[in-house]
Amino acid sequence: MSFRHNWHKVCTRSEPEVAAESMSSEKNAPTKSKKQTGVKLFKNFTSPLFKLASMLLSQLEYIGTFIPGFTYLYTNLFYRKMIAREIKAAGVEPGDKVLHVGCGSLPATPIALVRAGCRVIALERNEKSLERARKVAAWRLNKKELSMQLEFRHGNGLGVDSSGYDAVWVSLHVNPQPGIIQQIIFNLDQGSCVVYRKPTAWLSQFYPLVTPEELGGNLNSQYLTGWLGKESVVIWSQDFEPDEKIVSQDDGEEISLADCRIGEAGVITQIPDCQLLAPLGLRPGKYVRLRARQSCGGPLVVQTAGRKVAVDRDLADAIRLRRKSNG
Amino acid sequence: MADCHQSRQEVEELESSILLIGPPNVGKSVIFNYFTGLDVGMANYPGTTVEFSVGEIDIGGEESARSYQLIDVPGTYTLEATNAAEQVAVDMLTQRPAAAVCVLDAQNMESSLYLLLQLLEHEIPTVVAVNRTDLLANEGMAVDVDYLSSKLGLPVVETVAVEQRGLETVRTELSRLVEEQAQQRPHFSSEKISDTNSHSRWEKAENLARSAYYRVGEDQTEAKESWDQLLVSPATGFPIALLVLTLIFGLVVGLGLGLRRFLLSPLFEHFVIPLIELGVTSIIPPGLWRSILIGEYGFLVKGLEWPFALVMPYVLSFYLGLTMLEDSGYMPRLAVLLDGILNKIGLSGGNIIPLLLGYGCAIPGILAARAMANRKERLTIAVMISLAVPCIAQTGAFISLLAEASIWLIPLVFLFSFAVLVLAGIILDLLISGDWTPTVLEIPELLLPRPGVIAKKIWLHFKHFLVDGAVPMVIGVGLAALLYETGAMEIMAYYMRPLVDGWLGLPEEAATPLLLGIMRRELTVLPLLDMELSFLQLFVGSVVGLFYVPCIAVIATLAKEYGIRVAAAILLLTTTTAFVGGGLILRAGWLLAAMF
């Protein structure tokens, strides 16, 4: 996702406040159509990298299902621990009714949920993948489980009604993930929850970043850190109101830049005494976004308004910022 | 700072000079080269210019044309001087130059304007050039120069220096400004700039920048940003860095080898040298002079073959690779990736740039270290480059020497040099005391290198090689021929026998490269070519050559930068390391041979 595009979006929102403080000398400014306004909260995620990544992944999974042992290995490597953690955090119990949006051709999540005793509806919009998923499930589950606990449905996540389920799982590469999640939360029954996988680190380049804060309201949520660039988020339903204003509200907590997650942004409130920081756009009142964290105690890569800057970790630790939601 | 004061005297009278000022990596050197017709270094990373350059600029109308000194000041984010290069800029301002061209970065107007405001406090007549507007246009944005001009009361020109757009307008505005000044008119008409504290200056810069930007179209940088994210995230960045460096290394060695084997060697072997030999034998009778010209160290044979057939191909291929790394903006990304690891040996990520330049020639590497924030890092880099970073000429010589015997010797020698570099870093970290400066490094935008610029830079490096590389090499070979043919070499070799033969296990003639090597680094290696050395001797010879005296020009540079004592210490260190290391390796080799 282009950072800069969203940058302007966020900047536009905060502009009136900043401008109000210092308008006095700017009365004579020529009136031009400055920057874009009227931005939607969520855009369809259409980055070419995302398209390529999800196409490659679904093809890999599809082809993989024809290779003996691949399903087993793939599931154990990438999904087993993650799903176990999610099931525990979401608190689903045997007999619960669960929806999984975007099961793909290798339905590791539905199979694990069935094994945990849930009744699962697995949704997939690609018919070819769905056909394959049925076959894979047939190898991995017994007849009783297949007929009683698992149902594959052809359909798009955007139109789905999430009411009547105890929990809803959303895959990483459903598109548009933000829109689907928002809709699911909106329709969710009281006490139910939605579990989705959020990209972290390098994966955040391929996938959109959706955080509970961004979805609006005071959502009760929990992060489960995984590996290989995925992170699970569980959100419980409660008085959910989609709130666009949340993006420009200044009530975020204050944290150190070094404690940010990759992709997280905020407004600087305090910088340490280092003359190089200010000219590079690291000044109080400025927006910054954490782009990468180097290994071996190396610097953090921070995006400021016009440039990318690598900042030593200790310095970054002394930079305080008020967290803003991701976009 | 001694060198700053020294070099300031070189600029005769600042009253008739025009300063070119701006943040780092904004394109000042490109503008400088355009106006002066000179060729100072340009690259896509901050801190390319570490020393100011002076050239002539002609301004004024046709009847009143006058030439001024144009001074390319090292890039500075602010006038609060945080390193040696920036201090130069600040020093120049207090000398009351005739005018200044302040180059602003269109993508970073806020900080550029801050610098401009600081500059204006010095009350120097200024023309403002807003450069890199093409890159801003890719983001769908533009800068309203008329607005800035009316607000600041200064001429403001939109430029794209790499395409020479807008530069003539800068010249016109500059002429007008200088003329006006001659007629004692005030140079800035509107509001008086009297801000003196940084807070109000920032506020002013922010307001100006915010009002000056306007949107003209769609942002087209999305895809590039996605790729960039992969380059700077460690999980993907390291594999990519390995791939990039391998590709560049492959390009340098492969292209160099190809040029040599298929083009230059056949050309020299079958055409140039036979022709010279024919010419010489027909003119000069057999004897001392003929031998000097075409004998063992034939001045016209080896003196041409070595620099042009053996070394030149690698010079060309190396600078092709380096230029692509420089101009794409990849080097700072590499610096950021490696910063954590380099910190462990007392260096910082930014040091990778002088080190990489050092693989071309030690001198630009040592000079580039000036952009480093503290003396400790600068000195460490200088020692490391002098000690164990072979210049491209020497690398070319290594490849010629070693590839014949065993292809594995080349990576072996290079791995050994890496190991010594790491060791040297650790030891120097303990020895040299100094403040630790936290890394704050700007990562410039990724750009596709322009073929024209690449060609021009390779041509410049080639010219530089002809003058500063080939000529000393030819003289060195001539000297060798003279010593060899007159028998002086034999006498010297006799006296150096205990060292060369006894300690290093090399044949007696190997005294020659040790003597010549003082002049040029690759001359410690090239004479070994025809000596039919064993595997172990080749390795010992290479290691001695690698660590041995960096060439005369490097020692002179070191003396200029760090003083004669440091230069002498480095000379002693490298020579001792070469002999001690070479001798120990020989004995280790014997031990290994005895064991298996």
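**Figure 1. The largest nonpolar core of the predicted model.** In this predicted model, the largest nonpolar core comprises 195 residues. The residues with the most contacts inside this core are I18(B), L20(B), V101(B), L104(B), V128(B) and V315(B). Helix 12 of chain B, spanning residues 302-328, supplies the largest share of the core, namely 14 residues. Nonpolar side chains tend to be buried together in soluble globular proteins.

Figure 2. Once residues up to four places away in sequence are set aside, V315(B) touches I392(B), A393(B), H461(B), F462(B) and F465(B). Another core, of 45 residues, lies apart from the largest one. Its members include L113(A), I121(A), L150(A) and V195(A).

**Figure 3. The crossing of helix 6 and helix 8 in chain B.** Helix 6 (residues 145-152) and helix 8 (residues 198-212) of chain B have axes that come within 9 Å and cross at roughly 145 degrees. The crossing of these two helices of chain B is right-handed. On the side of helix 6 of chain B, the contact is made by Y147(B), L148(B) and K151(B); helix 8 of chain B contributes L208(B), S211(B) and A212(B). Sorted by class, the contact has four nonpolar residues, one polar residue and one charged residue.

**Figure 4. Two residues of chain B with positive phi.** Most residues other than glycine have a negative phi. E123(B) has a positive phi, near 55 degrees, and is found in the loop between helix 4 (109-120) and strand 5 (126-131) of chain B. E123(B) counts as exposed because it has 11 C-beta neighbours inside 10 Å. For E532(B), phi is also positive, near 50 degrees. The place of E532(B) is the loop between helix 21 (511-516) and helix 22 (535-547) of chain B. E532(B) counts as exposed because 10 C-beta neighbours lie inside 10 Å.

**Figure 5. G164(A) and its contacts in chain A.** G164(A) belongs to the loop between strand 3 (150-154) and strand 4 (167-170) of chain A. Because G164(A) has 12 C-beta neighbours inside 10 Å, it counts as exposed. Leaving aside neighbours within four places in sequence, G164(A) is in contact with K97(A) and D189(A). The C-alpha atoms of G164(A) and L99(A) are separated by 9.6 Å, although the two residues are 65 apart along the chain.

**Figure 6. Chain B as the setting of the close-up views.** Chain B contains 24 helices and nine strands. Of its 596 residues, 50% count as buried. Among contacts in chain B between residues at least 6 apart in sequence, 73% join residues at least 24 apart.

Figure 7. The secondary structure of chain A consists of nine helices and 13 strands. Chain A has 327 residues, of which 44% are buried. Of the contacts in chain A between residues at least 6 apart in sequence, 68% join residues at least 24 apart. The average pLDDT of chain A is 72, and 70% of the residues score at least 70. The pLDDT is below 50 over residues 1-45 of chain A, a stretch with 60 contacts in the model beyond near neighbours in sequence. Residues 239-251 of chain A also have a pLDDT below 50; this stretch has 21 contacts beyond near neighbours in sequence. Where pLDDT is low, the predicted coordinates should not be read in detail.

Note on methods
Residues numbered from 1 in each chain as written. Chains lettered and ligands numbered in written order. Predicted model: local features only at pLDDT ≥ 70, side-chain atom pairs only at ≥ 80, totals over all residues. pLDDT = per-residue confidence, 0-100. Contact = placed C-beta atoms within 7 Å. Core = buried A, V, L, I, M, F, W, Y, C linked by C-beta atoms within 7 Å. Buried ≥ 20, exposed ≤ 12 C-beta atoms within 10 Å, placed from the backbone. Helix = DSSP H or I, 4+ residues; strand = E, 2+ residues; numbered from the N terminus. Axes fitted to C-alpha atoms, helices over the stretch in contact; angles between N-to-C directions. Left-handed = near helix turned anticlockwise from the far one by under 90°. Nonpolar A, V, L, I, M, F, W, Y, C, P; charged D, E, K, R; others polar.
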